[in-house]
Amino acid sequence: MALGSPTKIGVVGSGLMGSALARAFAAPGHDVAVWNRTFSKAQAVGGGTVAFENLIEAVSGRTLIVVSLSNYAACFELFSSPGVASALAGKTLVQLTSGSPADARAGLEWAQAHGVDYLDAAILAYPSFVATDYATVFYAGSRSVFDRHVATLQALAKNSIYVDEKIGAAATIDCAILGAYYGGSLALLHAAAMCQAEGLDPKTFFAHKNSFLGLISVTADAAQGMIERNDFAGDQCSLNTHVAAIEHIVRLSQDARLSARFPKELLDNYKRAVSAGLGSQELPAVFRTLTQE
Ligand code: NAP
């Protein structure tokens with residue numbers, strides 16, 4: 001799609017993600033400068049981007065700077081290099097390096113001290129998803145700064161979502177989604193291992209994945225309502241009954257000589273809720289023991 005007015009963008013970092021971001025901006029016709037510590041990687045980005053060996057030259061005359069480095073420590077090291085802060089002053093910096101909400105707050109503090117407009121962003125995508133319908137980017141920070149740049153930022157993901165003025169909000173939702181993703185992924189890999197250890201083809205589990213995904217979805221909806229009401233009473237299945245089911249999973253894992261670390265950790269969490277007097281409540285009552293020690 002041709003652009004009415006291309007934006008002058010600098011993309012700092014030409015790793016796997018930074019390269020994909022730079023090409024996604026260049027594809028609809030934005031004017032994209034790229035910089036990377038290892039210059040050869042910046043030169044390899046292609047897609048109509050222009051590689052600079054000098055960071056200050058790469059960002060000079062640019063309106064929007066997008067940063068994608070390994071971590072915040074690398075960003076702060078770079079921002080404190082001579083001349084970099086003043087080269088960024090007056091521009092908008094979109095921080096797409098993954099981090100924690102505390103990292104985002106430190107980033108905003110740095111930006112405010114140096115006259116830089118700052119958005120913290122979190123991308124929920126592999127590089128090959130960038131610029132497709134599978135990519136989502138969450139943004140936090142000033143609403144007016146987001147509104148000023150959203151049309152340009154949509155080159156990365158049509159699904160560009162403003163979360164909140166609180167600068168840590170994008171990192172928070174990213175950690176929340178990834179925490180559920182990594183936990184759920186470990187659970188399904190352990191499920192496949194249980195099948196294999198008992199001589200059942202793991203395909204049998206994967207063929208029934210919708211039973212697992214459906215239960216998670218129903219539980220998420222129930223948990224949302226119960227957390228809102230702070231009332232975990234129900235008539236479906238008590239925590240006591242769930243604990244008995246998890247004990248079977250621990251026993252299967254031990255009998256089949258699988259690592260039982262994951263189901264034991266699960267059991268420990270659910271039992272803690274029972275010990276806290278929540279045994280007759282529904283499963284989401286575990287939430288109470290996660291928010292209180
Ligand atoms: P990557 O391929 O390992 O790239 C890391 C980049 O950081 C490289 O450009 C590297 O430069 C640069 N870097 C590291 N330390 C530096 C320093 N001290 N000074 C200057 N530059 C430094 O990683 P990636 O996959 O692109 O990830 C980049 C960010 O995107 C991370 O925060 C990651 O969590 C996030 N992310 C990635 C994915 C994904 O699927 N890949 C998905 C979501 C979010 P050199 O080339 O010189 O080493």
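In this predicted model, helix 8 provides the largest share of the lining of the largest pocket, 14 residues. The ligand, however, sits in the second largest pocket, where "sits in" requires more than half of its atoms to lie within 2 Å of the pocket's grid points. Because the model is predicted, local features need pLDDT of at least 70 and side-chain atom pairs count only at pLDDT 80 or more, while totals for chains, interfaces and linings use all residues. Residues are numbered from 1 along each chain as its sequence is written, and side-chain values use heavy atoms, with hydrogens and water left out.

- On a 1 Å grid over the protein atoms alone, a cavity is a set of points where a 1.4 Å probe fits but cannot get out; a pocket is an open set with protein on both sides within 12 Å along at least five of seven lines, and lining residues have an atom within 4 Å of a point.
- Grid points are joined across faces, edges and corners, and a volume is the space filled by probe spheres set on the points.
- Helices (H or I, at least four residues) and strands (E, at least two) are DSSP runs, numbered from the N terminus.
- Ala, Val, Leu, Ile, Met, Phe, Trp, Tyr, Cys and Pro count as nonpolar, Asp, Glu, Lys and Arg as charged, and the others, Gly among them, as polar.

**Largest pocket**

- The volume of the largest pocket is about 2,000 Å³; among its 50 lining residues, F212, I216, T219, Y270 and L283 are the closest to the centre.
- At least two lining residues come from each of helix 8 (169-197), helix 9 (202-207), helix 10 (209-229), helix 11 (239-255), helix 12 (261-278) and helix 13 (286-291).
- By class, this lining comprises 34 nonpolar, 13 polar and three charged residues.

**Second largest pocket**

- The second largest pocket holds about 970 Å³ of space, and of its 34 lining residues M17, S68, L69, S70 and S98 are the closest to the centre.
- Two or more lining residues are given by each of helix 1, helix 4, strand 6 (117-124) and helix 8, with helix 8 giving the most, five residues.
- The lining divides into 19 nonpolar, eleven polar and four charged residues.

**Ligand shell and contacts**

- The ligand is surrounded by 20 residues, the closest being M17, N36, T38, K41 and S98; a residue is near a molecule if one of its heavy atoms lies within 4 Å of it.
- In this shell, eight residues are nonpolar, nine polar and three charged.
- Polar contacts are pairs of N or O atoms within 3.5 Å: a polar backbone atom of L16 is 2.9 Å from a ligand oxygen atom, and a backbone N or O atom of M17 is 2.8 Å from a ligand oxygen atom.
- An N or O atom in the side chain of N36 lies 2.6 Å from an oxygen atom of the ligand.
- Helix 1 (16-26) and helix 4 (72-79) are the elements that give two or more residues to the shell.

**Cavity**

- One cavity of 30 Å³ or more is counted, and the largest cavity has a volume of about 40 Å³.
- Its lining consists of V12, L55, V59, I65, V67, L78, F79, V84, L88 and L93, which are ten nonpolar residues, with no polar and no charged ones.

Technical notes. A polar contact is a pair of N or O atoms within 3.5 Å; within protein, one must be able to donate a hydrogen and the other to accept it, and residues adjacent in sequence count only if both atoms are side-chain atoms.
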